[in-house]
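Welcome! Have a look at the sequence and the model below, and then let us walk through them together.

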Amino acid sequence: YVFHYNCQYIEETLAWILRFTAEAKANRPQLAYMPFGWGPRNCIGLRFALLEAKIALMEILRKYSFARAPETVENLKPSTGLTLTPKGGVLLKILPRT
């Protein structure tokens, strides 16, 4: 709380949205905003949130199966960028498991 509302790093606490612009992030230290803490004693909420996400993904995979849709191109061509992705994407059919 003390870091998040320190006027040395954040001028107006009411301008919440402006705190997260790229320019605002570049002008303050990396650890001036740390919602889950930092280091080995960070907030247990971070681990709990990751656990919930894994459980949600597990439930989706348990209840549904995924198959390539007929609209997906047979021979995918790669698109380069930050990561390697197929051009046009991959369309999937989501089918309930029986």
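**A walk through the model**

Helices (H or I, at least four residues) and strands (E, at least two) are DSSP runs, numbered from the N terminus. Before going on, please note that this is a predicted model, in which local features need pLDDT of at least 70 and side-chain atom pairs count only at pLDDT 80 or more, while totals for chains, interfaces and linings use all residues. Residues are numbered from 1 along each chain as its sequence is written, and side-chain values use heavy atoms, leaving out hydrogens and water.

Which way do β1 and β4 run relative to each other, parallel or antiparallel? They run antiparallel, joined by five bridges; two strands pair if DSSP finds at least two bridges between them. For one such link, find alanine 67, whose bridge partner in β4 is lysine 93.

Now turn to the surface. Leu57, Ile60, Leu61, Tyr64, Phe66, Val73, Leu76, Val90, Leu92 and Ile94 form a nonpolar patch there, with about 910 Å² of accessible area together. Two or more residues of this patch come from each of α2 (44-63), β1 (64-68) and β4 (92-96), and α2 gives the most, with three residues. Patches consist of residues with over 30% relative accessible area and no salt bridge; like charges are joined within 9 Å, and nonpolar side chains (Val, Leu, Ile, Met, Phe, Trp, Tyr) within 5 Å. The areas come from the Shrake-Rupley method with a 1.4 Å probe, and for residues only the protein chains shown count as cover. Isoleucine 60, found in helix α2, is partly exposed because its relative accessible area is 42%.

Threonine 72 sits in the loop between β1 and β2 (78-79). Threonine 72 counts as buried because its relative accessibility is 6%. Not counting residues up to four places away in sequence, threonine 72 touches Val90 and Leu91, where contact means heavy atoms within 4.5 Å.

Finally, how many salt bridges does the structure hold? There are two, a salt bridge being a side-chain nitrogen of Lys or Arg within 4 Å of a carboxyl oxygen of Asp or Glu. One joins glutamate 59 to arginine 62, with the closest N and O atoms 2.8 Å apart. Glutamate 74 forms a salt bridge with arginine 68, at 3.4 Å between the closest N and O atoms.

Technical notes
Buried < 20%, exposed > 50% of the residue type's maximum accessible area, 1.4 Å probe, protein only.
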